[in-house]
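Trainee: Please take one part of this model and walk me through it closely. I would like to hear about the space left inside and the strands.

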Amino acid sequence: MTTIPTVTLNDGVLMPQVGFGVFQVPDDEAQRAVEAALEAGYRSIDTAMIYGNEAGVGRALAASGVPREELFVTTKLWVADLGAGRARPALDASLDRLGLDHVDLYLIHWPAPETDAYLDTWRELQGLRGAGTRSIGVSNFLPEHLDRVAALGGILPSVNQIELHPALQNRATTAANRRLGIATEAWSPLAQGAALDSPAVTTAAARHGVTPAQVVLRWHLQHGTVVIPKSVTPSRIAANLALFGFTLDDAEIAAIDALEADGRTGPHPAAFNG
């Protein structure tokens, strides 16, 4: 079984650096996919209320026999639940669907800046730490959103989960995360395959005898990023975890760094409001 490295969050919680994402996996397929991931050695599972598959994830966790203390489960509060008085009921509903008494990380899914409700939600999330979730964080927050949260003077997010891959390296946001001591987690770390045919990636893959996807995921890890690749194919699920038998050299890292192209595949956080 692969030993997955961990990152130490700013609250002292250890988070696996490689997890398994279930975005766009239907609920009736989520159990099988998560069971395959757990069998392959993943222990971190990332879902969200809006994915509609928390119940399927929960069934997989229950059926796996993996002790709860070995698992790291993330879910997220959706835009419709932003605002005062809504975080506790939203978390409780997610826990009920997951069949758990706590998650390990609870994230505000999007800032939805037009509503200007994420600060009220963040105030309430601070009261949920240790009471339904071990850690609290955010997703898709830009530097200006993070700075407003920091100005509240309370607990800082432990994680900011953002779109991040070779074609969209989100450097301003990752720099803000580092400045504030927030771990960076990449959703869509493979950009739905967009960067896998680049010569910088394919040359490194051939040199190391690995797949282009493994090269890109390894690039993330060497930058200190947490990744949550998604697949429903057992062989790819396993391959996405086989990242620890090779290391990219400085030239290979630099070549992939040079692929930045503002290649966003999802909504822009400054404009997305649900």
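Mentor: Start with the classes: Ala, Val, Leu, Ile, Met, Phe, Trp, Tyr, Cys and Pro count as nonpolar, Asp, Glu, Lys and Arg as charged, and the others, Gly among them, as polar. Keep in mind that this is a predicted model. The largest cavity holds about 50 Å³ of space. Its lining has seven nonpolar, three polar and two charged residues. Among the lining residues are Trp110, Phe141, Leu142, Ile162 and Trp187. Pro267 and Pro269 also line the largest cavity. So do Asn140, Asn170 and Thr173. Glu163 and Arg264 complete the lining.

Next, the strands. Take β6, residues 103–108. Six of its six residues are buried, so β6 is largely enclosed by the rest of the structure. Buried here means under 20% relative accessible area.

Strand β6 has a partner in β5, residues 72–77. The two pair in the parallel sense over four bridges.

Tyr106 stands opposite Ile136 in β7. From β6 the chain reaches β7 through helix α4, residues 118–128, in a β-α-β crossover that is right-handed.

Terms used:
Residues are numbered from 1 along each chain as its sequence is written. This is a predicted model: local features need pLDDT of at least 70, side-chain atom pairs count only at pLDDT 80 or more; totals for chains, interfaces and linings use all residues. Side-chain values use heavy atoms; hydrogens and water are left out. On a 1 Å grid over the protein atoms alone, a cavity is a set of points where a 1.4 Å probe fits but cannot get out, and a pocket is an open set with protein on both sides within 12 Å along at least five of seven lines; lining residues have an atom within 4 Å of a point. Grid points are joined across faces, edges and corners, and a volume is the space filled by probe spheres set on the points. Buried means under 20% relative accessible area, exposed over 50%, partly exposed in between (1.4 Å probe, protein chains only). Two strands pair if DSSP finds at least two bridges between them. A crossover is right-handed if, with the strands pointing away from the viewer, the path from the first strand over the helix to the second runs clockwise.
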